[in-house]
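Please read it beside the model.

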Amino acid sequence: MRSRVLFFAGALLAASAASAAPLSGDTEACIGCHQEVTPGIVADWRASRHARVTPAQALEQAPLARRFSAAEPPAGTAATAVGCAECHTRNPDAHPDSFEHNGYRVHIVVSPADCAGCHPQERDEFAQNLMGNAYGNLVENALYRQLVESVNGVQTFEGGKLVAHAPDDLTNADSCLACHGTRVEVRGTAARDTAMGEMDFPVLSGWPNQGVGRINPDGSAGACTACHTRHQFSIEVARKPYTCSQCHKGPDVPAYPVYMVSKHGNIYDSLEAKWDFEAVPWDAGKHFTAPTCATCHVSLVTRGAEVIAKRTHRMNDRLSWRLFGLVYAHPHPISADTTGIRNRAGLPLPTELTGEPVEEFLIGAEEQKARREAMMAVCGACHSRQWAEGHFARLERAVETTNAMTLSATQLLLSAWEKGLAGGPAQGASPFDEAIERKWVRQWLFYANSIRFASSMGGADYGVFANGRFYLAENLREMADWLEFLEHSRP
């Protein structure tokens with residue numbers, strides 16, 4: 001029995017070696033040590049497409065099947081696998097985290113600028129995406145920073161009152177910046193004992209992190225590995241909703257739980273084992289029978305020879321509305337860098353506090369219509385035009401009603417500020433730290449968002465009782481009661 005097991009294992013290794021692409025001498029040197037030191041990483045990479053297909057072979061694919069957007073491979077890489085050295089020694093002069101390692105200049109953080117050697121189109125599109133700007137859009141917005149501080153800062157009870165303290169960097173990195181991305185910087189070097197003896201390594205702040213808007217040591221923004229998990233960089237992983245759930249699962253962005261209770265999520269959960277998640281292009285009805293997040297927002301989708309949706313890494317190309325994260329749903333910003341947006345009151349918001357959109361910073365009606373049509377084309381792979389139009393009519397009504405209920409909550413809050421029952425920006429105070437302000441945040445950040453996502457993806461109960469319309473109405477009533485209580489308790 002043992003000999004048969006050994007023969008089978010040997011046959012598997014031989015088959016694996018036969019399917020692998022030739023390695024560069026530099027990558028062979030890396031693997032020589034790392035298959036002993038970090039065998040999990042090496043095994044993951046060996047299972048990747050990078051290990052099986054050379055850049056030259058990638059360029060030979062038919063245009064729709066091609067996953068390589070550069071016109072030609074980076075110098076010296078055409079005939080070998082994309083391995084350790086091809087990524088971790090690329091552009092060493094641009095990387096402050098480069099360090100001498102067994103005769104090579106190696107950097108730890110592989111950035112979108114490195115991936116752009118083979119995937120420039122994907123890098124450029126991602127840079128125009130809200131995700132690619134997620135770090136700056138959060139930390140360089142004074143209003144959003146106050147929300148972060150109100151959530152992450154430790155509060156102590158002193159002198160009969162709660163005292164809020166600013167959050168530390170480790171807490172922020174473990175919280176909001178886990179998804180938005182940290183700023184990764186080199187803080188020096190340190191000697192460490194390893195299986196190969198003592199070695200020097202750079203000390204990185206903001207590390208580890210795989211947030212979508214991470215600022216890398218080379219100055220580039222983004223982390224391809226947020227979706228294409230290292231070191232397989234699998235398109236299958238990126239196409240499955242579990243990957244999106246890393247950041248889109250909580251009550252503020254309930255995309256994943258809403259999807260999983262929808263009819264599409266039901267079909268996916270039941271049939272995913274029969275689908276082909278590796279196929280490029282991705283043919284509706286042949287490779288899958290219900291959409292995932294990637295189908296609607298990213299993937300090249302076909303119906304036979306017909307292209308239904310072009311592949312894009314600018315995730316809002318098919319989105320007419322920006323549904324979450326802000327006080328009111330509104331048309332998408334023109335620029336993915338939202339740090340320059342200001343409303344009439346000077347607040348860094350794309351709407352007024354009373355709901356009116358700041359139109360100069362947002363896409364117009366024609367662009368909204370074009371993006372809606374792009375999304376409806378994906379729906380059209382399985383549904384009639386009437387079905388799709390009915391779906392979007394409900395979504396747009398959900399946007400209207402949730403914005404209206406948020407406006408009512410905002411008017412209650414503005415009344416509290418005007419009457420001196422709470423302190424807001426006009427008083428030089430945070431708009432997020434008092435009880436009535438926290439209820440206002442719940443109105444749009446949790447309940448309105450849940451309704452919009454439920455409407456956009458068919459997760460009905462999330463639009464009603466699971467953080468939906470019931471809670472939206474209840475929260476508004478509690479805000480009104482709380483305001484009345486404060487007024488009557490005032491001496």
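The model is predicted.

**Asp97**

Asp97 sits in the loop between helix H6 (84–88) and strand E1 (99–101). Backbone nitrogens are within reach, though. The side chain of Asp97 reaches that of Ile108 at 3.3 Å. The backbone nitrogen of Val109 lies 3.1 Å from a polar atom of the Asp97 side chain. Beyond neighbours within four places in sequence, the contacts of Asp97 include Val106, His107, Val186, Pro202, Leu204 and Pro217.

**Cysteines**

How many disulfides does a search of the whole structure find? It finds 1. Cys179 and Cys247 form a disulfide, with sulfur atoms 2.4 Å apart. The torsion about their S-S bond is about -105°, so the disulfide is left-handed. Cys179 lies in helix H12 (residues 176–180), and Cys247 in the loop between helix H14 (241–244) and helix H15 (255–261), so the pair ties together parts 68 residues apart in sequence.

Cys244 is in no disulfide; the nearest cysteine sulfur is that of Cys293, at 3.7 Å. Cys382 is in no disulfide either; the nearest cysteine sulfur, that of Cys379, is 9.1 Å away.

Relative accessibility of these cysteines:

| Residue | Relative accessibility | Class |
|---|---|---|
| Cys179 | 24% | partly exposed |
| Cys247 | 31% | partly exposed |
| Cys244 | 23% | partly exposed |
| Cys382 | 54% | exposed |

Technical notes. Residues are numbered from 1 along each chain as its sequence is written. This is a predicted model: local features need pLDDT of at least 70, side-chain atom pairs count only at pLDDT 80 or more; totals for chains, interfaces and linings use all residues. Side-chain values use heavy atoms; hydrogens and water are left out. Helices (H or I, at least four residues) and strands (E, at least two) are DSSP runs, numbered from the N terminus. A polar contact is a pair of N or O atoms within 3.5 Å; within protein, one must be able to donate a hydrogen and the other to accept it, and residues adjacent in sequence count only if both atoms are side-chain atoms. Contact means heavy atoms within 4.5 Å. A disulfide is a pair of cysteine sulfur atoms within 2.5 Å. Buried means under 20% relative accessible area, exposed over 50%, partly exposed in between (1.4 Å probe, protein chains only).
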